[in-house]
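The following exercises are to be worked with the sequence and the model at hand. Each task is followed by a solution in steps.

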Amino acid sequence: MRFWEFAKRNFKELWRDPVALGFLLGMPLVFMLIFGFAFSEEHMSKSHIGVVDKDKTSTSRAFIKVLNEIEDLEVSSHRDTSKALKELKDGELLCFFLIPKGFGSAVEENRRGGKMKISLKVTYDETKQWLPEQAIAIVEGVALKFMGTENPLNLKRQGIKPEAKPEFLHFLVPGIVIFGLMILIPTLARTIVADKEKGFLPRLFTTPTRSVDFLLGYSLPMILVTVILVIIYLVVAFLMGLKVYGNLALAFIFFFLIGVCCIGFAMTIGAFAKSEAQAEPVCWIFLVPMAMLSGAWFPIENLHPIMMNFAKTFPFYYALEASRRIITTGAEFNMVSTEFLIVLGWAVLSFLMGTIAFRRGIGFD
Amino acid sequence: MSDDFAVQTFELAKEFNGLRAVDGIDLKIREGELFSLLGPNGAGKTTTINMLCCLLKPTKGTARVAGYDVLNEPGKVKGHIGVSPQETVLSERLNSWENLSLFGKIYGMSSKEIRERSEELLERVGLLDRAKDQVRKFSGGMKRRLNLILALIHDPQILFLDEPTLGLDPQSRRAIWEYIESLKGKKTILLTTHYMEEADFLSDMVAIIDSGKIVALGTPNELKKKFADTGVLRVSTKGLRKDILEELKAEYETVNETAEELKIVRDDLDLKEVVDFLYSRNVSVYSAAREEPTLEDVFLRITGKRLRD
Ligand SMILES: Nc1ncnc2c1ncn2[C@@H]1O[C@H](COP(=O)(O)OP(=O)(O)OP(=O)(O)O)[C@@H](O)[C@H]1O
Ligand SMILES: [Mg+2]
């Protein structure tokens, strides 16, 4: 069980290195938070709400006109509730208000000193969390002012869960997980090269350690780290409002296989790089275009065909496509089986590549 | 017959891009012998050791270690040796116990064996108190001591110690010497060092290597005797002027000046001749005595005084 001892050593070396660990964990989390909030900001600045006017009086039309003048709101009128509900379910709206029959007369009555109860029913998208709340609060304030009364407004709330999810999180989370796993490449390659450069590997070569011990010794801790990382990223994503429609375990398998691919790539680079100073840039030269072209940050469908083909050579694109479909549309295994085979093939291939490179690039002489 | 020797090399040679680091050496080290390989920087000592422990492939020739050929049976060789490299190599974020345990486990020792042996070794080199600290927090000398005992954890038959006392304070160096001495006869040890008194004190056999070639071989006494015609004269003087010193230097091969003391080295050295020479130039001589040459004198005489790369 030499490999096990060596694996323990490598895990401890990483675990006790706050800089490496922080980089591995922190960078994707920071991305997730920044992008998550950046996208939310955009939604907030233009809260899109709907209004269904059943009253159709000059008073109700005046109320809608006042709402329209609020800068933070984008108000669209709908003829009936089903149309508004459809838009809400499609994710177009944060919420919509139903202005009931008798709204106008009640408002007029109250303006003359009456004490009529006025109902406004609001249906909102629960999954957008505080965004509809904000819009509702604005409308509530406008309504109170418009009616010029103390508090006759009776706001009836109803939350729904629409089909389409908040776009940015779906799009972002699989990308960030895969990007986060890509950071395994420089982390592991650096470790291997440092061990080589500082004489640790040569020292082990004077002992009866075999190449399979080195292989497993380096890859096992990283596989464990892969699992830990994916769990952490997903937990944070859930806290930020991610909802998974498909089988999470299936998505997890895709992430896991990408982790294995990255470990294979890292061993290949680590075996051949001569020094840490050389390994680092080589990793990033590989990593940055891969991350860009994987579709993690923007859709790559409109790229130049050459770039597209390049992107579609590597496993990252497929893992991303598959995990996005699983998370957002609940795709079953048979719907992502092609992607699965490609990513699995790459995982096996890259690991094999790493193995061969390791035997060649390190060792005797 | 080669099995009589724990280590034997056969015209062992290593070339690095045309540079002959080791140039066809034949060494024979008996079982239980402490063999010192001495030589100036870049002489090829480390390269030789690296070939013996299967780290470097010889360009020419081969070697047998513990009865196995380094080219054909490196796995067998590795099971019988312990190597303390010249560069300190440790797992920096592990503590001493963990470092020792990693190596112990590699050699298939049980946890209990490892713990007992580690404690003994850590005690020996005075690291027991700090054994739980991560190694990166150690001083250079502490790392150096751990570096050495990592090679000893599995109690190997054959030890390659490449400058084991490099950078140690005098106390630690003594402790290591004593420990190495206690292993004498039980283990076969190939040692390199730049401390001549260390080699003199410890070695059964000494080989001096220069530019990849063995240039002298024998016990420390044999070597000193062989070069005993090299007279060494220690002279204590007063009134030695620079021009007289220059004159002396022209006449004798080696003149070392330490304050008022002169050390004069030359083959067939005549005490009277030197003293007369100094008197004739009005230099008072307080004392003058012939000295036995030390290993260092032998070393300098054989390898010259030119600085190496
Ligand atoms: N990996 C290498 N590549 C190229 N040249 C090397 C390599 N290793 C050693 N050399 C060269 O081989 C020669 C012998 O080096 P070696 O390390 O064996 O010397 P040494 O006797 O151990 O010296 P020192 O006392 O300084 O440790 C030197 O000229 C050195 O530059
Ligand atoms: Mg050396």
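**Exercise 1.** Determine which residues of helix α10 (residues 271-279) of chain B are buried, and on which side of the helix they lie.

*Solution.* Step 1: the buried residues of α10(B) are B:Val274, B:Val275, B:Phe277 and B:Leu278; buried means under 20% relative accessible area, exposed over 50%, and partly exposed in between (1.4 Å probe, protein chains only). Step 2: these residues lie on the same side of α10(B), because the arc they cover around the axis is only 160 degrees. The arc is taken over the directions from the helix axis to the C-beta atoms. Step 3: an α-helix has 3.6 residues a turn, so residues three or four places apart point the same way. Step 4: at the N-terminal end, B:Asp270 caps α10(B), with a side-chain oxygen 3.2 Å from the backbone nitrogen of B:Lys272.

The model is predicted: local features need pLDDT of at least 70 and side-chain atom pairs pLDDT 80 or more, whereas totals for chains, interfaces and linings use all residues. Residues are numbered from 1 along each chain as its sequence is written, chains are lettered from A in the order in which they are written, and side-chain values use heavy atoms, without hydrogens and water.

**Exercise 2.** Characterise the interface of chain B and chain A.

*Solution.* Step 1: about 2400 Å² is buried between the two chains, and carbon and sulfur atoms give 59% of this area; buried area is the accessible area (1.4 Å probe) that two parts lose on being put together, summed over both. Step 2: B:Leu55, B:Arg93 and B:Ile106 supply 27% of the area that chain B buries against chain A, more than any other three residues. Step 3: the contact takes 30 residues from chain B and 22 residues from chain A. Step 4: the rule finds 4 salt bridges across the interface, a salt bridge being a side-chain nitrogen of Lys or Arg within 4 Å of a carboxyl oxygen of Asp or Glu. A:Glu5 and B:Lys105 form a salt bridge at 3.9 Å, N to O.

Key. Helices (H or I, at least four residues) and strands (E, at least two) are DSSP runs, numbered from the N terminus. A polar contact is a pair of N or O atoms within 3.5 Å; within protein, one must be able to donate a hydrogen and the other to accept it, and residues adjacent in sequence count only if both atoms are side-chain atoms. Contact means heavy atoms within 4.5 Å.
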